[in-house]
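Hi,

Here is the structure I promised to send over. Have a look at it first, and my notes follow below.

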Amino acid sequence: MNDITEVFDSYLAQYDSVDIAEAEFKKNIHEDPELRAAYKSWCDEVGSSEKKGFLDYCDEYFESQKDVWNTLNDYDE
């Protein structure tokens, strides 16, 4: 299985809404035992709950994207 964060990224890229991406991801972890195991392992590793792990990742992902834009804006000034 690919790194689970790559899977998260693919859901975020595929859907225009975090809510829809999360719903699709949660549906798929119930249908794919390998994906569920990778997700559970990742949640344990980062100290996140399985209920909120995907959203926690999204928060960090979008915060890092905002930091990139802020850095680029600082560079322009």
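Which residues are exposed on the other side of α1? They are Ala13 and Gln14, where exposed means over 50% relative accessible area, buried under 20% and partly exposed in between (1.4 Å probe, protein chains only).

Before the rest, some housekeeping. This is a predicted model, so local features need pLDDT of at least 70 and side-chain atom pairs count only at pLDDT 80 or more, while totals for chains, interfaces and linings use all residues. Residues are numbered from 1 along each chain as its sequence is written, and side-chain values use heavy atoms, with hydrogens and water left out.

The overall picture

The protein chain has 4 helices and 0 strands, and reads α-α-α-α along the sequence. Helices (H or I, at least four residues) and strands (E, at least two) are DSSP runs, numbered from the N terminus. The chain has 77 residues, of which 25% count as buried. Taking contacts with a separation of 6 or more, 52% are between residues 24 or more positions apart; contact means heavy atoms within 4.5 Å.

Helix α1

The buried residues of α1 are Ile4, Thr5, Val7, Phe8, Tyr11 and Leu12. They sit on the same side of α1, because they cover an arc of only 155 degrees around the axis (the arc is that of the directions from the helix axis to the C-beta atoms). As a reminder, an α-helix has 3.6 residues a turn, so residues three or four places apart point the same way.

How α3 meets its neighbours

α1 (residues 4-14) packs on α3 (residues 33-46) at about 110 degrees, with the axes 10 Å apart. That makes α1 roughly perpendicular to α3. For the cut-offs: 65 to 115 degrees is roughly perpendicular, under 35 roughly parallel, over 145 roughly antiparallel, and the rest oblique. Axes are lines fitted to C-alpha atoms, for helices over the stretch in contact, and angles run from 0 to 180 degrees between N-to-C directions.

From α1, Ile4, Thr5, Val7, Phe8 and Tyr11 meet Leu35, Ala38, Tyr39 and Trp42 in α3. By class, that contact has 8 nonpolar, 1 polar and no charged residues. Here Ala, Val, Leu, Ile, Met, Phe, Trp, Tyr, Cys and Pro count as nonpolar, Asp, Glu, Lys and Arg as charged, and the others, Gly among them, as polar.

The axes of α2 and α3 come within 5 Å and cross at roughly 115 degrees, which makes α2 roughly perpendicular to α3 as well. Phe25, Asn28, Ile29, His30 and Glu31 in α2 meet Pro33, Leu35, Arg36 and Tyr39 in α3. The residues here divide into 5 nonpolar, 2 polar and 2 charged.

A few single residues

Glu22 lies in helix α2 (residues 18-31) and counts as buried because its relative accessibility is 16%. Leaving aside neighbours within four places in sequence, Glu22 is in contact with Lys51, Phe54 and Leu55.

Tyr15 is in the loop between α1 and α2. Its relative accessibility is 22%, so Tyr15 counts as partly exposed. Not counting residues up to four places away in sequence, Tyr15 touches Ile20, Ala21 and Glu24.

On cysteines: the structure holds 0 disulfides, a disulfide being a pair of cysteine sulfur atoms within 2.5 Å. Cys43 is buried at a relative accessible area of 1%, and Cys58 is buried at 2%.

Cheers
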